[in-house]
Amino acid sequence: MNLLEVQNLKKHFPITKGLLKRTVGHVKAVDDISFSITQGETLGLVGESGCGKTTTGHLLLRGLEPTSGKILFHDKKLGSVDIASATKETLRGVRQNVQMIFQDPNASLNPRMTVLDLVGEPLKVNGIAKGAVLEERVVKLLEQVGLSSSYLRRFPHAFSGGQRQRLVIARALALKPQLIVADEPTSALDVSIQAQTLNLLKQLQGELGLTFLFIAHNLSVVEHMSDRVAVMYVGRIVEIASTTELYHRPKHPYTEALLSSVPRPQTSGKRERIILQGEVPSPASPPSGCHFHPRCKYVQAICKTEEPPLLELGSGHFSRCHFAEELELRGVGNVSA
């Protein structure tokens with residue numbers, strides 16, 4: 001069962017000019033993307049900075065207003081809801097079941113609030129618990145993320161970066177959500193703490209039946225966390241597949257280039273990193289045809305003029321490339337002799 005279905009979602013920011021703020025163009029941050037996430041699954045969303053990953057995450061919670069498209073969420077209480085067009089009252093109910101873990105725990109926690117206030121705030125605001133019951137719920141949440149109940153009266157500055165991120169995770173779990181959008185949840189942490197946080201998220205997913213949209217640029221982290229992976233480039237999804245299929249048999253040149261940077265122990269042969277030439281195109285003026293063609297070493301004439309559709313190649317593997325079925329691309333398991 002699909003918990004979330006995104007259909008033709010767009011977010012275009014207007015570019016204005018002059019005293020009258022006349023619209024002269026648009027930044028196509030998210031440009032007609034579609035995907036789904038099944039119950040209990042983790043979908044990884046990857047791509048270079050500025051590709052639209054974080055914007056997509058904010059759209060799912062209506063932190064930003066979509067330009068067009070549908071975000072169908074199957075809420076356990078409200079049934080099927082289109083988040084993109086939901087009323088404020090409906091949205092308030094849906095947001096109890098869709099939570100977000102932000103990248104920077106320091107910016108996510110009010111330094112003037114204690115742990116009890118921070119983690120208990122969603123419960124208090126939604127009228128779910130107060131007083132001794134609230135404190136009991138917060139203690140249980142802290143224990144779930146591996147923190148001591150003795151921390152209840154402490155302030156965020158008393159914790160390490162990893163502990164602060166655990167507080168953010170505890171707060172996200174407070175309302176027992178169905179879906180969590182995790183936006184680069186470990187990128188601000190030390191490597192050793194990253195591993196602990198990722199293992200905690202996987203443990204909680206198993207215990208609570210959580211579903212994740214996991215946004216990251218670290219491909220090794222995404223491989224560890226995700227059941228399927230979607231690759232974004234200049235506001236569009238260019239490839240979607242199961243993690244194993246995508247990492248070992250990519251079907252888009254951009255995915256191949258990203259995977260060439262994933263560190264792997266070398267037992268034989270030589271892996272050559274693909275260095276993309278040129279800059280990432282601006283979403284305000286993307287290239288014609290395939291957006292990736294100015295940087296693609298396999299480019300042909302058709303790539304410069306015709307936009308390739310996102311087509312299924314079989315077994316849930318989709319690619320937005322004119323030559324997806326013809327190219328022999330290297331994955332992380334392939335090396336040259």
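Reader: Which residues in α6 meet α7?
Author: Gly162, Gln165, Arg166, Ile169 and Leu173 in α6 meet Ile193, Gln196, Thr197, Leu200, Leu201, Leu204 and Leu208 in α7. Contact means heavy atoms within 4.5 Å. The model is predicted, with local features needing pLDDT of at least 70, side-chain atom pairs counting only at pLDDT 80 or more, and totals for chains, interfaces and linings using all residues. Residues are numbered from 1 along each chain as its sequence is written, and side-chain values use heavy atoms, leaving out hydrogens and water.

Reader: At what angle do α6 and α7 pack?
Author: Helix α6 (residues 161–173) and helix α7 (residues 191–208) pack at about 20 degrees, with their axes 10 Å apart. That makes α6 roughly parallel to α7 (angles under 35 degrees count as such). Helices here are DSSP runs of H or I, at least four residues, and strands are runs of E, at least two. Axes are lines fitted to C-alpha atoms, for helices over the stretch in contact, and angles run from 0 to 180 degrees between N-to-C directions.

Reader: New topic. How many aromatic pairs are there?
Author: The count comes to four. Rings of Phe, Tyr and Trp (its six-membered ring) pair if their centres lie within 6.5 Å; planes under 30 degrees apart count as stacked, over 60 as edge-to-face and the rest as tilted.

Reader: Why is the pair of Tyr233 and Tyr254 tilted?
Author: Their ring centres are 4.6 Å apart and their planes at 55 degrees, so the pair is tilted. Tyr233 lies in strand β9 (residues 228–233) and Tyr254 in helix α10 (residues 253–259), 21 residues apart.

Reader: Is Tyr254 buried or exposed?
Author: Tyr254 is buried, at 0% relative accessible area. Buried means under 20%, exposed over 50%, partly exposed in between (1.4 Å probe, protein chains only).

Conventions: Angles under 35 degrees count as roughly parallel, over 145 as roughly antiparallel, 65 to 115 as roughly perpendicular and the rest as oblique.
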